[in-house]
Amino acid sequence: MSDIKIKIIDREGVLHEVDAPTDMNMNLMEVVRSYELAPEGTIGICGGMAMCASCQCYIKSDHQLPEKSDDEDAMLAEAFFVKDNSRLGCQIHITEDLDGLEVELAPEEA
């Protein structure tokens with residue numbers, strides 16, 4: 001299997017069910033960008049280095065995700081609109097285990 005299904009709710013509340021490749025070493029932020037689910041320049045501003053929180057999302061499903069790194073934790077501590085289920089999309093790598101993952105994009109920072 002090389003593609004999984006992911007459900008992404010964009011910042012306007014629209015649900016998109018997308019195919020995400022597991023064989024291209026992509027992360028969730030890159031999937032969102034490739035499907036243009038957020039306006040250009042509003043997501044992944046730092047290029048996926050866990051330095052800006054523009055790709056913050058809320059995990060809506062019960063998938064087991066890797067532990068947050070210290071960098072991700074520190075960035076979320078300074079971000080806006082953080083919830084208990086907040087993660088940085090750039091730190092969630094697309095694997096077969098994430099088939100059916102449901103996420104919601106956090107609002108843009110104020």
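I take the angle between two elements from 0 to 180 degrees between N-to-C directions, with axes as lines fitted to C-alpha atoms, for helices over the stretch in contact. The model I examined is predicted.

**Entry 1: helix on sheet.** With that convention I looked up how H2 is placed. I found H2 lying across S3 and S4, and I noted that H2 runs at about 120° to S4.

**Entry 2: the sheet.** I traced an open sheet of five strands in the order S2-S1-S5-S3-S4; its pairing is mixed. I recorded S2 and strand S4 (86–88) as the edge strands, each pairing on one side only. On average, neighbouring strands of this sheet are turned by 40° against each other, direction ignored. I then examined S1 and S5, which run parallel and are joined by four bridges. Across this pair I located Lys 7 opposite Glu 102 in S5.

**Entry 3: the core.** Which residues have the most contacts inside the largest nonpolar core? I found them to be Ile 6, Ile 8 and Leu 88, in a core of 30 residues. At least two residues each come from strand S1 (3–9), strand S2 (15–21), helix H1 (28–34), strand S3 (56–59), helix H2 (70–78) and strand S5 (101–105). H1 gives the most, with four residues. I listed the contacts of Ile 6, leaving aside neighbours within four places in sequence; among them are His 16, Val 18, Ala 20, Leu 28, Ile 94, Leu 98 and Leu 101.

**Entry 4: Val 103.** I placed Val 103 in strand S5. Is this residue buried or exposed? I count Val 103 as buried, because its relative accessible area is 1% and the limit is under 20%. Beyond four places in sequence, its contacts include Lys 7, Ile 8 and Ile 9, together with Leu 28, Cys 57, Tyr 58, Ile 59 and Lys 60. I also checked Val 103 against Ser 86: the two are 17 residues apart in sequence and 9.5 Å apart in space, C-alpha to C-alpha.

**Entry 5: cysteines.** How many disulfides does the structure hold? I found zero. Cys 52 is in no disulfide, and the nearest cysteine sulfur, that of Cys 46, is 3.7 Å away. I count Cys 52 as buried because its relative accessibility is 18%.

Terms used:
Residues are numbered from 1 along each chain as its sequence is written. This is a predicted model: local features need pLDDT of at least 70, side-chain atom pairs count only at pLDDT 80 or more; totals for chains, interfaces and linings use all residues. Side-chain values use heavy atoms; hydrogens and water are left out. A nonpolar core is a set of buried Ala, Val, Leu, Ile, Met, Phe, Trp, Tyr and Cys residues joined through side-chain atoms within 4.5 Å. Buried means under 20% relative accessible area, exposed over 50%, partly exposed in between (1.4 Å probe, protein chains only). Contact means heavy atoms within 4.5 Å. Two strands pair if DSSP finds at least two bridges between them. A disulfide is a pair of cysteine sulfur atoms within 2.5 Å.
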